[in-house]
Amino acid sequence: MEAGREAATIATARKRLHVITWGCQMNVYDSGRMADVLAPLGYEPAAEPDGADMVILNTCHIRDKAAEKVFSELGRLRRLKDATDGRMILAVAGCVAQAEGAEILARAPYVDIVLGPQTYHKLPEMVARAARAGGAVIETDFPAEDKFDYLPEKAAPQGIAAFLTIQEGCDKFCSFCVVPYTRGAEQSRSAATVLAEAKRLVDQGAVEISLLGQNVNAWHGTEGWGLGRLLRALAEIQGLRRLRYTTSHPRDMDDELYAAHRDLPNLMPFLHLPVQSGSDRILQAMNRKHTADEYRAIVGRLRDARPDLALSSDFIVGHPGETEADFEATMQLVRDVRFAQAYSFKYSPRPGTPAAGAPQQVPEAEKDRRLQALQALLREQQAAFNASCVGLTMPVLFTGTGRHPGQIAGRSPYLQPVHVMGPSDLIGTEQTVTITATHPNSLAGTISQERRRA
Ligand code: SAH
Ligand code: SF4
Ligand code: F3S
């Protein structure tokens, strides 16, 4: 077993790395960066965990049962590790690792490495330490240095639609949320490093870039820039046709950002802007620091700036203290705003967060009922939005083949999946498509004007 582990430190030997990712898009981005960090040690991506030299579980702690899911996956991986005579290195990364690192090692002593989201630049060193020590390595402190300064320039291509983390962490401390504890304090990368990474992504074939952050519109470069200015600079990059950013907080919308939506045609007219609740009382209990009417006003300004803008949001039902009247206020906000798409969740008490210990927890059956009612309304609005697209002509960025022969698939400006019959050499290009039909989770169309690659 130890000999196998030592082999992991030989830089040139080829090894297989399998990464399992849960949670948000930032975790997806992080998984890619962990693979980049390990590539110089000879690790290559493996589609399956069987027989892999290393498996990383990149975990999410946002809602219930997250830790239990991790332990059941670890049980399965333990058998695969045994089948390699213990040679497989097992690492648990991400937000559950950050929150419950010690418990993971206590309950699953066969885990070799536990690392938080801010320490993955140190993975090569951890792999070497795990090999030397023959015991588990845990790295869940928030280091003084910024991991982005230590990540390799060289990165595997992400493809046509790429993610780029520009901001991480959160100082907002919403009553219900673990993110400020698992990701740490708000931190922005400099405009210069973001622009350099964006250019590299485009050189590697990206046509669309989604900027990521837990509070992406709180981004402020060391240069004193805000997100609006950054988007303007990114929009100048030759070959970059589409820009998005997620997740933004209503409190961090500013004039520069509204102006970016007004002025930049390649900033997509679709925004995920979580509101959580439509009740001022509950918004206050959640520590969101804005009212429902302020949210309506923000939506108004966005639509003034970009009349074709469509919105998505996140909702929580059954936050402690939520009454039927509070829930009805949420339903009213949804009716007023009209969302193209949305995510909604039952409130899930998270250990260590203020709301978890609050009185007036809402009974589970009541949360279920409210969630069903809200989801029915949101589904109706999504169907209406999709139906309103039939007959419209819109640019679609094709990213792959469809399920049926001869079909190619891509995304509309509003992130709807779109299928058309078309040649596969159009993958990677944006085409003008006339939408002809809606299906429950996608649109169908025909290419109305074919643009070949330059
Ligand atoms: N930074 C983003 C959201 C991050 S978490 C924001 O400020 O909006 C993604 C979503 O998960 C949240 O918007 C919220 O709707 C949901 N969520 C977070 N904690 C939750 C909890 N304890 N119970 C239920 N849903 C939760
Ligand atoms: Fe969580 Fe609130 Fe921060 Fe979003 S803003 S990550 S919901 S604490
Ligand atoms: Fe989950 Fe952590 Fe993202 S808790 S949602 S993986 S920031």
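Contact here means heavy atoms within 4.5 Å. This is a predicted model, where local features need pLDDT of at least 70 and side-chain atom pairs count only at pLDDT 80 or more, while totals for chains, interfaces and linings use all residues. Side-chain values use heavy atoms, with hydrogens and water left out, residues are numbered from 1 along each chain as its sequence is written, and chains are lettered from A and ligands numbered from 1 in the order in which they are written.

**View 1. The whole protein chain.** Among contacts between residues at least 6 apart in sequence, 72% join residues at least 24 apart. The chain's secondary structure comes to 13 helices and 19 strands; these are DSSP runs, with helices being H or I of at least four residues and strands being E of at least two, numbered from the N terminus. The radius of gyration is 23 Å, close to the 22 Å from the globule rule for 454 residues, so the chain is as compact as a globular protein of that length. That radius is taken over C-alpha atoms, and the rule is 2.2 Å times the number of residues to the power 0.38. Along the principal axes, the C-alpha atoms fill a box of roughly 65 × 60 × 45 Å.

**View 2. Surface and interior of the protein chain.** Of the 454 residues, 56% count as buried (under 20% relative accessible area, with exposed over 50% and partly exposed in between, using a 1.4 Å probe and protein chains only). The accessible surface comes to about 19300 Å², and 53% of that belongs to carbon and sulfur atoms. Areas come from the Shrake-Rupley method with a 1.4 Å probe. As for disulfides (cysteine sulfur atoms paired within 2.5 Å), the structure holds 0.

**View 3. The surroundings of ligand 3.** The shell is made up of C24, N27, T59, C60, H61, I62, C95, R183 and Q214, counting a residue as near if one of its heavy atoms lies within 4 Å. By type, that's 4 nonpolar, 4 polar and 1 charged (Ala, Val, Leu, Ile, Met, Phe, Trp, Tyr, Cys and Pro are nonpolar, Asp, Glu, Lys and Arg charged, and the others, Gly among them, polar).

**View 4. The surroundings of ligand 2.** Here the shell residues are C170, K172, F173, C174, F176, C177, V179, P180, N215, H249 and R288. They split into 7 nonpolar, 2 polar and 2 charged.

**View 5. N386 in its helix.** N386 sits in helix α13, which covers residues 364-389. With a relative accessible area of 6%, N386 is buried. Setting aside neighbours within four places in sequence, N386 touches Q416, T438, P440 and L443.

View 6. Most residues other than glycine have a negative phi, and most peptide bonds are trans. K65, not a glycine, has a positive phi of about 60°; K65 is in the loop between β3 (54-59) and α3 (66-83) and is exposed at 59% relative accessibility. D85, also not a glycine, has a positive phi of about 55°. The loop holding D85 runs between α3 and β4 (89-93), and D85 is exposed with a relative accessible area of 62%. The peptide bond from T246 to T247 is cis, with omega near 5°, and T247 lies in the loop between β11 (242-246) and α9 (255-263).
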